[in-house]
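This report goes through selected parts of one protein chain. Please keep the sequence and the structure in view while reading.

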Amino acid sequence: MQFSSRFMRFLVCLSAMLWITAGPAASTWATVASADAWASSGFRIWGFVPYWADPSIFPADGIYPHVSDVLYFGGVRPKIDGSLYTISGATTQINTLKSHATTYGFRLHMSMFEVYDPASSNDYDLVWNTIGASPSLRATFVNNVKNLLQTNNMKGFNFDYERPSTDTQWANYTQLAKDMRAVINPLGMEVSVDDFGSTDSDWDDTSTFDARTYDQLFIMGYHYGASSNASFANGKLALTAQGAEKAFKNEQLVLGVGTWGSGPTTKTLKSIVAATPNLAYNAETWTDGTNTWEIESREQVRAKTQLALDRNMPGMMSWTMHYDATGTMSLHRVMHHYAMVKREAPDLNLDGKINATDATIMANNQGMARTNTGMATAAEFDAYYLAANWENGDRDGNGFVNQADADWLAGRYNTLGITLPDRLAYSGTFESFTNAVGVNGRWRAARDAQNKLIETGNFKQEATNYLSWTGTGAGASQRSNSFVTMRYQNAAEVTAGVNAQTRSMNADLSQPIDLAQNQETYFTFLVRENTGSLSGSQLASPNRKLTLDFLDGTGATQFNVGVLGLQQTVSLNHVADAAGQDVISAGFAPNTTYLLVGKISGNGAAANTLQVSFFGTGSLVANFTDPSFNWMLTATSGVGFNPLITDVQFSSSNQTNFTVSNLWIGTAAAILPPTLTSQGDFNQDGTVDGADYVFWRSTLGQTGAGLLADGNGDLQVTSADLATWRSHFGASVSNGSGLLSGTTIPEPNTLAALVVSFLLLVSTGQRWYRPLLRR
């Protein structure tokens, strides 16, 4: 099937529109949970392990995550007849490396240079040239190597013979490599070759030469800088005597890094760092006070790595892994880190994999302030490296782990086809902010006009029961136990002039609130202002504000409940209603948790009513759905102000920190399910009648929990409970569901008033009714 170019452009544009609209996390192309960081970056790091090293140290050294490939060198050696000789201890070393390869995921290769030929005192020139000159010996050698590689699940063979001297020897050496490639390459194995930095022009003198024989050419330009290594590489590229097609390409050249000090003795970088833990990034020599060694600095290693990146070389290699330092001083780690940063491969924890762990690091650290190191100069980049900014999610060295970093990571995951975890930083929805009532789906973080998320790091989803609040009474337990903290603009952000916008999060209501209808809606949430980390100017700010906004279908705030920290007040505000009342009450203290309960009363053509009360810990919270509940704040709307509320929103200024619980919002039955007692059925027989009044009279004045005649849930039986009984008089009721199906209430207030009057007369001992009863 073929499509026109116009249609293809349409598909591209449509894909881009879907990306912008849905955001990175909505991608349907993410197909894998984890990807290899080396493949994703197109950059590898090969490390040599010589036969005199102990590979058992590498897990503790932590070096394996920083190499894609390991080459075991010299433990197995060619014999002059093409067979192989395994030195003492080599089998154990190979088995150890093979086990480590399985555990850590690197590719294991075999490398050979030294030979076994006692008759010639192990003359490596003799052995290599003899094998190379004979087709039968080449076949024997290649077959033995193939079996060795397959037995040990190795991924390639490295020729380290250094090096032929004549055109003929070079031709035979190349033919041996060709024979090797013909046998092992179809098995998915690579062929590589080592050479000095300088180039022997004899290599390409014969028609046998073909650089395509080799997957990689390792240039052993140890202790030389980037400029020299560029010259070394150019020398390899100049081997064009057999035509450009057969010449080496940059995509085959691998630059070498030495992990030891070159001097009077071999001095490992590990021992140098042990003596000088804070080795300068640009130190290219080291002295013990008597002797001096030449070393590769972190600056030099990065410059060589940059050269490899610029030329699209496949990677870097080291001699050796066991000489290297550990931790941040490890040159393998330096190369790994630099390549990931420059190739934008989000392997944040530098473990060689890109997966949910890296994305979780980024999500967890949103809003974190790091050191603003910069990255432009060698010194700045080293500071960036040592400060672990990359590992914490600051990809650009600006000192902030923010939404731009999260968006970058999400984009890279989308490009690489890696599944993003379900986190606020990527989806824009609060995955752990649960236990809501009356809210449809998840809360959403605010987005800008381009539909991009606005600093999800301003929100922290806290642990369940994060805020401690206790109270008594029927309404005390009617609230969520899930919390979010909306944070302030920290000092680093203030200095940089960033992240000054209002913090907002919103959610859809399960059922819209239509104020044109005669209906009552209740809501509850816990709230606390946290001032411990605020600056002096922030503490003095009059804008330490949190609001719960009630929005219409266009997203416009119609009215809200506000909390002001400096003023220590709670308010009701008719934002979109000029004729509506705005009321305020003092008593909200910082660093104190409050339960806030509210009521929205629609009233059709008349004015609507907003009511709120707030309670500190230990307070008595009666049944706030009871008509007799005493509200602290009441504000009426203008007549005809009847918006349809479809969404709610928590908003906080950048001047303070507020922690809020999830919202419970809905009808009285949804927020505080009715009981027999709360419906006036004090004797619990399913009917609200005169017998309940008698029961109320008999318990009047009692206090405590569980009182059957405590209709309004305030832990005492008072005259206020009579209002509860009166409002339900004549009804048949049940626990949790209000009126029984089909029940009709015959004018309860009028009938109840008559019954009350009658019962009061009876209870006071009047006798006038007796003649009536005898008639």
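This is a predicted model: local features need pLDDT of at least 70, side-chain atom pairs count only at pLDDT 80 or more; totals for chains, interfaces and linings use all residues.

In which sense do β9 and strand β10 pair, and over how many bridges? The two strands pair in the parallel sense, over 3 bridges.

## Strand β9 and its partners

Strand β9 covers residues 216–220. Strands of a sheet pair through backbone hydrogen bonds, and the pairing can be parallel or antiparallel. For β9 and β10 (residues 253–258) the sense is parallel, and L217 stands opposite L253 in β10. Strand β8 (residues 190–196) also pairs with β9 in the parallel sense, here over 5 bridges. In that pairing D194 stands opposite F218 in β9.

Is β9 mostly covered or mostly uncovered? It is mostly covered, with 5 of its 5 residues buried. In a regular strand the side chains alternate between the two faces of the sheet. In β9, Q216, F218 and M220 point one way, while L217 and I219 point the other way. Both groups are buried.

## An open sheet of 7 strands

Another part to look at is an open sheet made of 7 strands. Their order is β17-β21-β31-β23-β24-β25-β26, and the pairing is antiparallel. Strands β17 (439–445) and β26 (583–586) stand at the edges. Each of these has a single partner strand, so one side of each has no neighbour in the sheet. On average, neighbouring strands of this sheet are turned by 15° against each other, direction ignored.

## Two pairs of packed helices

Two packed helices are described by the angle between their axes and by the distance between the axes. For helix α10 (residues 298–310) and helix α13 (residues 378–386), the angle is about 100° and the axes are 11 Å apart. Angles of 65 to 115 degrees count as roughly perpendicular, and α10 and α13 are therefore roughly perpendicular to each other. On the α10 side the contact is made by R298, E299 and R302, and on the α13 side by A378, F381, D382, Y385 and L386. By class, the contact of α10 with α13 has 4 nonpolar, no polar and 4 charged residues.

The axes of helix α5 (residues 124–133) and helix α6 (residues 135–151) come within 5 Å and cross at roughly 105°. This makes α5 roughly perpendicular to α6. Here W128, T130, I131, G132 and A133 in α5 meet P135, L137, R138 and F141 in α6. By class, this contact of α5 with α6 has 6 nonpolar, 2 polar and 1 charged residues.

## The buried side of helix α21

Which residues of helix α21 (residues 720–727) are buried? They are D721, L722, T724 and W725. These residues cover an arc of only 150° around the axis, which puts them on the same side of α21. An α-helix has 3.6 residues a turn, so residues three or four places apart point the same way.

## A loop residue, T265

T265 lies in the loop between β11 (260–261) and β12 (267–268). Is T265 buried, partly exposed or exposed? Its relative accessible area is 46%. Buried means under 20% and exposed means over 50%, so T265 is partly exposed.

T265 and P50 are 215 residues apart along the chain. Their C-alpha atoms are separated by 18 Å.

Note on methods. Residues are numbered from 1 along each chain as its sequence is written. Side-chain values use heavy atoms; hydrogens and water are left out. Helices (H or I, at least four residues) and strands (E, at least two) are DSSP runs, numbered from the N terminus. Buried means under 20% relative accessible area, exposed over 50%, partly exposed in between (1.4 Å probe, protein chains only). The arc is that of the directions from the helix axis to the C-beta atoms. Two strands pair if DSSP finds at least two bridges between them. Axes are lines fitted to C-alpha atoms, for helices over the stretch in contact, and angles run from 0 to 180 degrees between N-to-C directions. Angles under 35 degrees count as roughly parallel, over 145 as roughly antiparallel, 65 to 115 as roughly perpendicular and the rest as oblique. Contact means heavy atoms within 4.5 Å. Ala, Val, Leu, Ile, Met, Phe, Trp, Tyr, Cys and Pro count as nonpolar, Asp, Glu, Lys and Arg as charged, and the others, Gly among them, as polar.
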